[in-house]
Amino acid sequence: MIHASYIDSFNTGRLEKAAQELYDRLSGCTLCPHQCRVNRIQGEQGKCGTGVLPAVSSYNAHFGEEAPLVGRNGSGTIFFTHCNLACIFCQNYDISQIGRGQEMPPEELARIMLHLQKKGCHNINFVTPTHVNYAIVRALIMAVPRGLTIPLVYNSGGYDAVDILKILDGVYDIYMPDFKYMDPDSAGRLSGAADYPSRAAAAIQEMHRQVGDLALDRSGVAIRGLLVRHLVLPNNLAATDRVINFIAGLSRNTYINIMDQYRPEFRAYECLDLKRRITLDEYDAAVQHARIRGLTRIDGLRIK
Ligand code: SF4
């Protein structure tokens with residue numbers, strides 16, 4: 001029987017405390033490293049273009065995620081609208097940048113979480129949660145007494161603030177951040193966050209401190225821990241080798257998904273270096289580097 005950490009946090013009052021602390025941050029928003037300091041409670045919007053209530057573009061049992069999240073019945077994915085990053089190559093730009101989705105109060109979010117659990121999903125997978133953490137925790141406080149028990153997945157772009165993650169300690173069981181770039185120039189040009197490399201590194205270190213390496217149950221389904229995603233970009237724009245060095249330095253037992261599906265989308269054609277897919281050689285070099293650095297839990301290649 002899975003015992004998600006947020007149940008203890010609910011019982012001790014830690015969830016309520018976290019919700020209040022996150023709400024307080026909304027009046028001069030510092031929920032992510034952009035630190036826009038806008039008053040979202042009074043309707044002002046920062047870089048993520050979001051007020052107090054989140055918008056949701058879709059939710060379903062998703063079978064396209066990493067095998068330990070999908071299991072037999074799928075990952076209960078909730079896709080939030082908007083994002084705190086502005087990636088010019090985003091493959092979900094209609095959701096993240098244009099804002100397709102429907103505003104949703106915490107009561108409705110709680111209902112969706114319980115619905116996904118009832119469908120047999122192995123987890124609730126919050127996609128792009130960084131800017132809407134307050135509403136998620138508020139919804140969780142409503143869902144726990146109504147029987148929510150499955151693990152929660154924090155599926156972020158990696159541009160997270162360490163002090164906010166500390167407030168969230170005891171909320172999420174599984175962290176699944178991207179580590180997009182180790183090159184500040186690319187991070188600034190392509191995602192509007194030149195400090196992304198240092199922020200993501202610090203955030204992922206904190207995530208690992210909280211939940212450790214990815215742990216699976218007997219059927220191979222994730223119950224707790226860290227899983228890192230990295231999308232290989234053409235012309236090594238992401239500095240993939242240095243991203244991998246960092247991840248291997250964190251723990252050689254880190255579960256990593258090295259992704260090959262980059263394709264030019266949205267405004268990628270504005271950047272000469274981004275106009276093509278990656279080559280097989282570029283992808284092989286990334287995987288080879290991960291192996292040389294001692295990483296063995298590479299999604300799709302070998303699962304421990
Ligand atoms: S969560 Fe949104 S408003 Fe708040 S600091 Fe980040 S980008 Fe700005």
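I first looked up the surroundings of the ligand, and found Cys29, Leu31, Cys32, His34, Gln35, Cys36, Arg40, Gly46, Lys47, Cys48 and His131 around it, each with a heavy atom within 4 Å. The model is predicted, so I note that local features need pLDDT of at least 70 and side-chain atom pairs pLDDT 80 or more, while totals for chains, interfaces and linings use all residues. Residues are numbered from 1 along each chain as its sequence is written, and side-chain values use heavy atoms, with hydrogens and water left out.

I sorted the shell residues into 5 nonpolar, 4 polar and 2 charged. Here Ala, Val, Leu, Ile, Met, Phe, Trp, Tyr, Cys and Pro count as nonpolar, Asp, Glu, Lys and Arg as charged, and the others, Gly among them, as polar.

I then looked up where the ligand sits, and recorded the largest cavity. A cavity is a set of points on a 1 Å grid over the protein atoms alone where a 1.4 Å probe fits but cannot get out; a molecule sits in it if more than half of its atoms lie within 2 Å of its grid points.

Next I turned to helix 10, residues 240–250. Helices (H or I, at least four residues) and strands (E, at least two) are DSSP runs, numbered from the N terminus. I listed Thr240, Val243, Ile244, Phe246, Ile247, Ala248 and Leu250 as buried, that is, under 20% relative accessible area, with exposed meaning over 50% and partly exposed in between (1.4 Å probe, protein chains only). The buried residues of helix 10 pack against helix 9 (196–211), strand 8 (222–231), strand 9 (255–259) and helix 11 (280–292), contact meaning heavy atoms within 4.5 Å.

I located Glu270 in the loop between strand 9 and helix 11. Glu270 is exposed, with a relative accessible area of 55%.

Finally I counted 12 aromatic pairs. Rings of Phe, Tyr and Trp (its six-membered ring) pair if their centres lie within 6.5 Å; planes under 30 degrees apart count as stacked, over 60 as edge-to-face and the rest as tilted. Phe126 and Tyr172 are edge-to-face, at 6.1 Å centre to centre and 85° between the planes. Phe126 lies in strand 4 and Tyr172 in the loop between helix 7 and strand 6, so this pair ties together parts 46 residues apart in sequence. Both Phe126 and Tyr172 are buried. I also noted a cluster in which ring pairs link Phe80, Phe126, Tyr154, Tyr172 and Tyr175.

Technical notes. 1 Å grid on protein atoms, 1.4 Å probe; cavity = no way out; pocket = protein on both sides within 12 Å on 5 of 7 lines; lining within 4 Å.
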